[in-house]
Amino acid sequence: MSRTSSDLIIISGLPGSGKSTYGRKIARKFCMTYIDYDTVIGNFMKDIYEKFYSGTPYNRFRAEWRRCTYESFWDVVMENLRLGNQVLASAPLTQEHGEPMFFTKMRRKCGIQGRILSIIMNVPETVLQTRIRERGEARDEEKLREWDKYYKNQDRQLLWDPDVQILFGLENEEELYISVKEFLTEKNRIHNIEEE
């Protein structure tokens, strides 16, 4: 297995939290390779759902295919890291937040030797619900119908083990860019931007 020393930035959080928006902004600002989970898996998942799962609740369909879709996403991320690219990747990763050794296991499995920065989008519930409603996608209908159940069932305990973690609440955008720049240019600086 080839090993990579490139740094990896992961933006995660619930649907509608701004992962893709900020992922693109940061990648553009720092000339990084940007990889979005929905872009990697979106077309083939839509096709599979329409051809073979039509009528099945979309969340159940996505849960059934979760392992496969995340393996595809991580394969694209790792290939870019192996090529020596500085990678910024965005994906929900809400289940992974609760895995204490997630990045340690990933380092072993994929040969990552570079540092990992985690940016978790920490957005108020009302903002998430409004954004999901406004984007009007079929994949979100079930979430909106059972919003209280969906939102309350999200595990918000952060146990995973990146080198640096930022909780970002949509305020302090300039501070986010400063923290990312410091991560990319300085070793072992830890910043925590958290909206009260």
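**Figure 1. The largest pocket of this predicted model has a volume of about 970 Å³.** The model is predicted. In all, 34 residues line the largest pocket. Those closest to its centre are P15, N59, P92, K143 and Y150. Which helix gives the most to the lining of the largest pocket? Helix 3 does, with 6 residues. Several other helices also supply at least two residues each, among them helix 1 (19–30), helix 2 (37–53) and helix 5 (125–135). Helix 6 (141–145) and helix 7 (147–152) also each supply at least two. By residue type, the lining divides into 9 nonpolar, 11 polar and 14 charged. Rolling a probe the size of a water molecule over the atoms shows where empty space is left.

**Figure 2. The second largest pocket holds about 410 Å³ of space.** Its lining counts 15 residues. E71, W74, F102, M106 and K109 are the closest to its centre. Which elements give two or more residues to this lining? They are helix 3 and helix 4 (102–110). Helix 3 provides the largest share, 8 residues. The lining residues of this pocket divide into 6 nonpolar and 9 charged, with no polar ones.

Figure 3. Now look from D75 to F168. The two are 93 residues apart in sequence. In space, their C-alpha atoms are 26 Å apart.

**Figure 4. Strand 4 pairs with strand 1 and with strand 5.** Strand 1 spans residues 8–12, and strand 4 spans residues 116–121. These two strands pair in the parallel sense over 5 bridges. Which residue of strand 4 does I11 stand opposite? I11 faces I119. Strand 4 and strand 5 also run parallel, joined by 5 bridges. Here L117 stands opposite V164 in strand 5.

**Figure 5. Strand 5 is mostly covered.** How many of its 5 residues are buried? The count is 5 of 5. V164, I166 and F168 point one way from strand 5. Q165 and L167 point the other way. The residues on both sides of strand 5 are all buried. In a regular strand the side chains alternate between the two faces of the sheet.

**Figure 6. W160 is a buried residue in a loop.** The loop runs between helix 7 and strand 5. Why does W160 count as buried? Its relative accessibility is 6%, and buried means under 20%. What does W160 touch, leaving aside its neighbours within four places in sequence? Its contacts include I10, S12, S118 and I120. W160 is also in contact with L93, E96, H97, E99 and P100. F102, F103 and Q165 are among its contacts too. E79 is 81 residues from W160 along the chain. The C-alpha atoms of W160 and E79 are separated by 23 Å.

**Figure 7. C31 and L93 each have a positive phi.** For C31, phi is near 50 degrees, a positive value in a residue other than glycine. For L93, phi is also near 50 degrees, and this residue is not glycine either. Where is each one found? C31 is in the loop between helix 1 and strand 2. L93 is in the loop between strand 3 and helix 4. C31 is exposed, with a relative accessible area of 71%. L93 is buried, with a relative accessible area of 0%.

Note on methods: Residues numbered from 1 in each chain as written. Predicted model: local features only at pLDDT ≥ 70, side-chain atom pairs only at ≥ 80, totals over all residues. Heavy atoms only, no water. 1 Å grid on protein atoms, 1.4 Å probe; cavity = no way out; pocket = protein on both sides within 12 Å on 5 of 7 lines; lining within 4 Å. Points joined across faces, edges and corners; volume = space filled by probe spheres on them. Helix = DSSP H or I, 4+ residues; strand = E, 2+ residues; numbered from the N terminus. Nonpolar A, V, L, I, M, F, W, Y, C, P; charged D, E, K, R; others polar. Pairing = 2+ DSSP bridges. Buried < 20%, exposed > 50% of the residue type's maximum accessible area, 1.4 Å probe, protein only. Contact = heavy atoms within 4.5 Å.
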